[in-house]
Amino acid sequence: MAFNDRDKYLARLRSQKPSVYLEGERVTDIAGHPMFQYGINSVAVTFEAASEPSFDGLSTAWSPLVNETINRWNQIQAGPEDALTKTRLARKTGETLCSCHYRCLTTDCLNAAWATSFEIDRQYGTVYHRRVVEIVKQAQKEDLVIGGSIVDPKGDRRFRPAEQPDPDMYLRVVERREDGIVVRGAKAHSTASAYTNLLCVFPSRPLQKDEADYAVGFFTPVDAEGIVFICKSPPVPEAPGKMEYPLSSRFGQLECFTVFNDVFVPWERVFMCGETEHAATMLGIFNAFHTWHKCGCRAASMDLD
């Protein structure tokens, strides 16, 4: 069975070497840094639930891709029953945690990339989908946490991406090579991304035909050369107390601003490159998944309030 636990999750974080700054200071050990513990605790709940009896039937699923039982957050949904079970899982997790566990981004990104790559292949005869299939298999076998790098800074909002005085306000391809692409730009509001395993990066808005360089979607390790996470401290009590703050003394999240400074991405991790009309496809599918999951966990949070 492809499950991690808290210790395995922490061990993977320690094996990764991302470039991370918190309040201007370089962080070399995310797994041991006190300000990252709130977010790490939140994500760890999704691993602990896989063996928690009260989550029986909710937190795991059978995957025909890897022919074994996996963590449901890595599932590619195949029908209404999968959707209903995921809703129950989101609500149950929300009742346990209250704050954001962030694992919904894993399933949102995997399912959106799965469907979008299939549509691009069908239209253009590309091979994006088989690349996504391999990434999904990896995520399922290794029980990975995937971060979403989606929201572009946008710069001067009077102008479209290709019209910006500063072109780095939207992430874009700056070089196409035989072995992959090089991207430059930034992504804002990437909650928890510094303590995930892979980033899923794609456009934050529909694009026009002259914006092909901005129509790029890919997965990348968080510690790929050129990626820098600029984080701010989590909104937690200054002196956490279990009695006064039973949940916020343990759980929380960090917002990250992610800089892509000429990051190389091999072709096998790219699922969109220049297909401008499918930026809207990816965004629409992702938003549908993400809004649905938010409704589940936030409803549980409101019940706790």
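Two strands count as paired if DSSP finds at least two bridges between them. In this predicted model, strand β8 (residues 198-201) meets that condition with strand β9 (residues 216-221): four bridges join them, and the two run antiparallel. Within this pair, Cys200 lies opposite Phe219 of β9.

On the β5 side, β8 is paired in the parallel sense, again over four bridges. Here Ser149 stands opposite Val201 in β8. Strands of a sheet pair through backbone hydrogen bonds, in either a parallel or an antiparallel sense.

These pairings belong to an open sheet of four strands with the order β5-β8-β9-β12 and mixed pairing. Because β5 (146-149) and β12 (270-273) each have a single partner strand, they stand at the edges, and one side of each is left without a neighbour in the sheet. From one strand to the next the twist averages 25 degrees.

Two helices pack on this sheet. Helix α4 (residues 104-124) touches β5, β8, β9 and β12, and its direction makes about 65 degrees with that of β5. Helix α5 (residues 128-142) also touches β5, β8, β9 and β12, with its direction at about 145 degrees to that of β12.

Helix α3 can be considered separately. Its 18 residues (80-97) should span 26 Å at 1.5 Å a residue, and the end C-alpha atoms are 26 Å apart, which agrees. The buried residues of α3 include Asp82, Lys86, Leu89 and Leu97.

Conventions. Residues numbered from 1 in each chain as written. Predicted model: local features only at pLDDT ≥ 70, side-chain atom pairs only at ≥ 80, totals over all residues. Heavy atoms only, no water. Expected span 1.5 Å × (residues − 1). Buried < 20%, exposed > 50% of the residue type's maximum accessible area, 1.4 Å probe, protein only. Axes fitted to C-alpha atoms, helices over the stretch in contact; angles between N-to-C directions. Contact = heavy atoms within 4.5 Å.
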